Amino acid sequence: MTLDVLDLLRDGLPDSSAPRRRIVVVGAGMAGLTAAMLLKDAGHEVTILEGQNRLGGRILTHRGFAGDMYGEFGAMRFPQQHPLVSWLIEEKFKLATRPFPMYDEDTFVYLQGKGVRRRDFSADQFSFDLRPGEADKAPHELLRHTVQPLIDIMEQEDEAKAWHRLLTDYDRYTLLGYLKERGLSDGALAMLGPLFNLEGRYHFSLVEWFSHFYEDVFGHLVYIVDGADTLPRAFEPMLMDDIRLGALVHGVDQTDSEVRVHYRAGRRTQTITADECIVTVPFASLRHMEIQGLDPDKWYAIRNTYYGRAHKLFMQFSERWWESAYGITHGLTVTDLAIRNIVYPPAGQDTRFRKGVMIASYCWEQDSMPYTPLAGEESVMQALEDLVKIHPEARDTFEFGVYKDWALDWFACGIGPLFRAFEMSETFYEDVIRPVNRVWFANDACDRRHRRWVEGALKAAVKNAYAIHEGLRDEMPWKD
């Protein structure tokens with residue numbers, strides 16, 4: 001069974017003869033808010049329990065800069081290829097957006113102690129031990145040539161068959177394993193890794209990475225002008241009376257007839273009884289939660305759903321020298337330094353002032369690990385030392401920095417889930433998404449095509465809301 005999740009989100013859940021339910025939603029991120037909105041609109045009684053004092057989960061806008069400047073610690077750009085989140089932003093809540101382009105030839109590539117503008121980059125300027133066939137191609141051409149067999153599948157078969165074939169034939173590969181099997185040299189890997197931010201993905205699923213590469217999710221991005229946090233806050237008029245903030249869920253019991261959710265609010269432990277419970281918090285945080293009635297296969301999936309690390313480090317400067325001195329208004333500089341990526345966000349600037357903000361360090365996976373042991377102020381100072389190697393103007397115009405390590409966030413447990421080899425096509429994925437009796441699961445781990453993206457959380461929320469509304473327990477209509 002295939003669901004048109006966009007129609008369900010846009011038009012609401014269909015008329016149903018199934019009885020109306022009392023539903024507890026754990027978590028007020030985008031999945032929890034969306035599931036609750038659909039179910040409430042369909043006549044169900046909904047309560048949302050959120051452990052933090054805010055909505056949005058991994059949408060987190062920092063507003064501690066001068067004037068109206070802000071920085072997005074979490075989701076900061078939204079692919080226009082993602083129809084669910086685009087509909088919420090542009091049609092449902094009518095939030096103003098602007099383009100968030102990720103490529104600018106004026107930005108830099110800084111490798112092996114040398115920096116060049118992107119437009120001037122060539123492999124022979126650096127010490128990469130490339131084979132003759134590799135040196136003849138531009139880096140983006142070399143990467144595309146290497147994954148051409150997968151591109152051919154997508155372009156020569158209809159989408160459903162192509163997707164099934166990718167899962168069947170290629171899910172056993174990590175990205176690194178496939179690239180090496182296709183004959184890329186270590187020198188090519190050392191070049192492509194930093195240029196295309198592959199190093200943090202090398203040991204994870206080839207198919208997951210390729211689906212994003214082929215879809216070109218970074219090619220058509222927008223940002224929300226007033227800040228990404230205005231998206232979850234747009235749900236407030238509909239749901240705030242149904243949300244209990246500061247409610248730390250620590251246990252879920254279920255019987256054949258009901259579910260009991262236990263939570264702490266301040267120093268008090270409270271219990272709410274309902275017909276169904278939708279868990280939307282990260283699977284990693286469920287390791288600290290007592291959930292009765294889950295079978296061993298479900299717990300195996302919960303334990304083995306991997307959550308990636310990442311951090312962002314914003315800096316405020318007394319002037320936007322990247323614009324005046326370098327002509328840079330967007331995009332990112334890639335480096336092999338500890339700061340790894342510098343992002344020049346068009347979002348969050350206040351053009352009334354000369355001041356500006358940038359992401360001085362944006363790192364994933366092992367690139368993020370060197371920062372985790374550092375104290376907050378030390379991480380800022382270390383990042384500044386790297387930044388001035390590329391942009392000397394940073395030292396004298398630096399004002400302050402703020403740092404967010406998502407791996408240290410109790411409620412997030414990392415930046416989001418990543419598939420490893422063998423996890424997309426086998427029973428592991430089914431065990432991730434399936435409900436167990438009266439406990440349902442909807443978060444950005446519960447979608448195969450758009451993990452980590454808001455789109456994945458929305459798809460999981462719509463599918464679970466539909467199944468509860470229709471009284472489906474043994475079917476899996478939400479499997480893609």
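Here is a walk through this protein, from its overall build down to a single residue.

First, some ground rules: this is a predicted model, where local features need pLDDT of at least 70, side-chain atom pairs count only at pLDDT 80 or more, and totals for chains, interfaces and linings use all residues. Residues are numbered from 1 along each chain as its sequence is written, and side-chain values use heavy atoms, with hydrogens and water left out.

Let's start with the whole thing. The protein has 18 helices and 23 strands; helices (H or I, at least four residues) and strands (E, at least two) are DSSP runs, numbered from the N terminus. Its C-alpha atoms fill a box of roughly 70 × 50 × 40 Å along the principal axes. How does the radius of gyration fit a compact globule? For 480 residues such a globule would come out near 23 Å, and the protein has 23 Å, so the two agree. (That radius is taken over C-alpha atoms, and the globule rule is 2.2 Å times the number of residues to the power 0.38.)

Now for the inside. Of the 480 residues, 59% are buried, where buried means under 20% relative accessible area, exposed over 50%, and partly exposed in between, with a 1.4 Å probe and protein chains only. Contacts (heavy atoms within 4.5 Å) tell you about the folding-up of the chain: among those with a separation of 6 or more, 73% link residues 24 or more positions apart.

Next, the strands. Strands of a sheet pair through backbone hydrogen bonds, either parallel or antiparallel. Two strands count as paired if DSSP finds at least two bridges between them. Strand β12 (residues 259–265) runs antiparallel to β13, joined by seven bridges, and Val259 stands opposite Ala274 in β13.

Elsewhere, look at β17 (residues 310–317), which runs antiparallel to β20 with eight bridges between them. Leu313 has Ser361 of β20 as its bridge partner. Strand β20 (residues 356–364) is mostly covered, with nine of its nine residues buried.

Finally, zoom in on Ser318, in the loop between β17 and α14 (321–324). Ser318 counts as partly exposed because its relative accessibility is 29%. Which residues does Ser318 contact, leaving aside its neighbours within four places in sequence? They are Arg354, Lys355, Thr397 and Glu399. Ser318 and Glu399 are 81 residues apart in sequence, yet their C-alpha atoms are 6.6 Å apart in space.
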